[in-house]
Amino acid sequence: MIFYISTDGDDIGTRVGRAALANREDEMVQLSGAIKRANQQIVSFALANGGKVLTEGGDECNLTIPGDRLDQIENLRQQWRDAAGATLSVGIGRNISEAGRALMAAKLRGKDQVVL
């Protein structure tokens with residue numbers, strides 16, 4: 001069975017906004033690079049495991065993975081945190097809409113978690 005995954009970096013927009021308001025160009029470049037590297041890990045994982053990338057941009061991804069790979073999500077979240085220097089919320093569903101609602105629940109429940 002294929003599952004849909006929606007991810008979003010926690011509080012990234014706030015960090016970028018603060019750096020922009022303070023004219024901290026180097027911080028914005030560093031943060032952007034870290035997020036790109038972290039997202040590339042998610043994209044690579046999905047593609048290497050028979051999934052596909054639906055969207056990927058900024059600190060968000062929407063993708064699919066086979067159900068037998070769901071046990072890897074927590075490890076992938078930790079890798080994202082290490083690469084990006086920020087936490088990641090993840091929603092998992094049987095379709096795109098369910099994954100999006102699960103992601104919203106993860107955010108509303110305090111972020112930095114996986115909701116199925």
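Mentor: A nonpolar core is a set of buried Ala, Val, Leu, Ile, Met, Phe, Trp, Tyr and Cys residues joined through side-chain atoms within 4.5 Å, and the model to which we apply this term is a predicted one.

Trainee: Which element gives the largest share of the largest nonpolar core?
Mentor: This core has 20 residues, of which Ile5, Ile42, Leu63, Ile65 and Trp80 touch the most other members. Two or more residues come from each of β1 (2-9), α2 (25-48), β3 (60-66), α3 (73-84) and β4 (88-93). The largest share, six residues, is that of α2.

Trainee: In what order do the five strands stand in the open sheet, and which of them are at the edges?
Mentor: The pairing in this sheet is mixed, and the order is β2-β3-β1-β4-β5. Because each has a single partner strand, one side is left without a neighbour in the sheet for both edge strands, β2 (52-57) and β5 (114-115).

Trainee: Is Asp10 buried or exposed, and which backbone nitrogen lies 2.9 Å from a polar atom of its side chain?
Mentor: Asp10, in the loop between β1 and α1 (12-21), has a relative accessible area of 4%, and because buried means under 20%, Asp10 is buried. A polar atom of the Asp10 side chain lies 3.5 Å from the backbone nitrogen of Leu88, a residue of β4 that stands opposite Gly9. At 2.9 Å from a polar atom of that side chain lies the backbone nitrogen of Asp112.

Note on methods. Residues numbered from 1 in each chain as written. Predicted model: local features only at pLDDT ≥ 70, side-chain atom pairs only at ≥ 80, totals over all residues. Heavy atoms only, no water. Buried < 20%, exposed > 50% of the residue type's maximum accessible area, 1.4 Å probe, protein only. Helix = DSSP H or I, 4+ residues; strand = E, 2+ residues; numbered from the N terminus. Polar contact = N/O pair within 3.5 Å; in protein donor to acceptor, adjacent residues only side chain to side chain. Pairing = 2+ DSSP bridges.
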